[in-house]
Amino acid sequence: VEDSGSTTAAELGLAGTADAPGSNIEGSFESVITDEASDTLQAIANKINDANIGVAASVINDGSPGAPFRLSLNSEDAGTDGAFVFDDGGIGLNTITLSKAEDAVVFYGGNDASKSIVVESKSNTLSSIIPGADISLLSVSDRPVTVTIALDDESIIENANSLANTLNGVFDTLDRYDSYNADTEERGLLLGDSTVAQIRNRLYNALIQPNNELTGQFTSLSQIGIRVGAGARVEFDQDKFTAALQTDRDAVEALLTFEQFEVDPDTGNDTTVVAAQGVGVEISKILDRITDSIDGLVQTKLNTFDTQVQLNEARIEELDIRLEAKRARLLAQFQAMESALAQLQDQSSSLSQIQRISAPQSSS
């Protein structure tokens with residue numbers, strides 16, 4: 001580790017290869033650090049980062065007087081896969097290992113470690129022990145730790161309320177573009193557009209219509225406190241939703257998240273299609289079909305607008321060519337008429353001179 005004015009960085013090398021994750025990096029680092037005596041710690045850190053060797057470098061200030069700057073090297077991979085060995089080539093940089101690469105290890109199953117299952121993880125998060133739950137390891141413990149999985153009604157209620165607010169936001173956006181102000185006679189950019197009407201109708205139908213594919217106690221959102229109220233606004237009744245959760249949690253869950261698949265009878269192979277789905281899944285899929293960047297309703301409409309713009313631009317270019325040709329033709333005609341008029345004026349002037357000469361001779 002060096003301060004910002006050191007010149008020994010030219011002697012460093014920080015590039016190499018490893019046979020496998022977790023093994024030592026061997027070889028010269030000369031391809032990363034060039035022989036430049038003016039290299040500062042920040043310049044060295046930049047070269048290490050630009051080399052993309054799986055090691056992130058940064059310069060830290062420890063606050064000490066004199067030479068407070070330090071070069072810090074950290075593996076970009078967690079656990080033992082990110083372990084590396086730094087060899088200064090014997091020039092005495094006095095490097096210190098602040099944190100050794102290790103995998104997280106826990107004993108799962110009971111108070112007796114000898115009878116428990118050893119679970120290892122490259123990170124401090126365990127995602128494969130309890131289905132649907134991620135366990136974060138915050139500190140080391142020499143005593144058994146009990147993990148309690150409880151239902152989080154507050155999060156469910158918050159998500160249901162968020163659904164209503166999100167749908168209102170969608171409808172507000174549609175109304176803003178599909179509107180007409182009689183007082184100012186201002187028209188929305190998408191007034192009367194069929195795609196806007198199609199999106200609005202699909203969402204309202206999903207909100208209002210009961211789902212006959214479900215067999216539980218609740219088959220419509222209005223039964224659990226989500227309904228379309230005055231002004232076509234989506235309203236959320238928290239008390240009614242909470243009561244529905246307490247009455248039949250499984251039915252509420254099915255109404256929002258149920259999805260059943262079956263083999264597609266038309267293809268006859270392993271292709272599956274949705275046989276039944278809850279209202280929440282239906283709304284999610286409607287939004288996906290609307291916003292799909294390839295063939296969604298919005299993208300299809302954008303493609304149509306883009307095609308119309310291109311056609312209009314081509315039409316404008318064609319009209320510009322025709323107008324330019326017409327202008328050139330009219331300019332040529334104007335110039336020809338100007339020339340003819342000039343000739344007529346010259347002839348008229350000549351005739352006037354002849355008349356002035358011939359008039360006195362006729363009188364004598």
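**Exercise 1.** Does D172 count as buried, partly exposed or exposed, and at what relative accessibility?

*Solution.* First, the ground rules: this is a predicted model, where local features need pLDDT of at least 70, side-chain atom pairs count only at pLDDT 80 or more, and totals for chains, interfaces and linings use all residues. Residues are numbered from 1 along each chain as its sequence is written, and side-chain values use heavy atoms, with hydrogens and water left out.

Next, the cut-offs: buried means under 20% relative accessible area, exposed over 50%, and partly exposed in between (1.4 Å probe, protein chains only). D172 comes in at 34% relative accessibility, so D172 counts as partly exposed. To place D172, look in helix α2; helices are DSSP runs of H or I with at least four residues, strands are runs of E with at least two, and both are numbered from the N terminus. Finally, D172 and R233 lie 61 residues apart in sequence, with 9.3 Å between their C-alpha atoms.

**Exercise 2.** Now run the burial check on T195 and list what T195 touches.

*Solution.* Find T195 in helix α3, residues 194-208. Its relative accessibility is 14%, so T195 counts as buried. For touching, contact means heavy atoms within 4.5 Å. Leaving out residues up to four places away in sequence, T195 touches L297 and K301.

**Exercise 3.** Work out why the buried residues of α1 line one face of the helix.

*Solution.* Start with the list: in helix α1 (residues 41-51), L41, I44, A45, K47 and I48 are buried. Looking down the axis of α1, these buried residues fall within an arc of 160° (taken from the directions from the helix axis to the C-beta atoms), so they line one face. Then ask what the buried residues of α1 pack against: β1 (55-61) and β2 (69-75).

**Exercise 4.** Describe how α2 packs on α4.

*Solution.* Take the geometry first. Axes are lines fitted to C-alpha atoms, for helices over the stretch in contact, and angles run from 0 to 180 degrees between N-to-C directions. Helix α2 (residues 153-177) and helix α4 (residues 238-247) have axes 11 Å apart and an angle of about 130°. Under 35 degrees counts as roughly parallel, over 145 as roughly antiparallel, 65 to 115 as roughly perpendicular and the rest as oblique. The α2 and α4 pair is therefore oblique.

Then the residues: from α2, D153, I156, I157 and A160 meet Q238, F241, T242 and L245 of α4. Sorted by class, that contact has five nonpolar, two polar and one charged residues. (Ala, Val, Leu, Ile, Met, Phe, Trp, Tyr, Cys and Pro count as nonpolar, Asp, Glu, Lys and Arg as charged, and the others, Gly among them, as polar.)

**Exercise 5.** How are α5 and α6 oriented, and which residues meet?

*Solution.* The axes of α5 (residues 249-257) and α6 (residues 279-291) come within 3 Å and cross at roughly 15°. That makes α5 roughly parallel to α6. On the α5 side, L255, L256 and T257 meet V279, G280 and V281 of α6. By class, this contact has four nonpolar, two polar and no charged residues.
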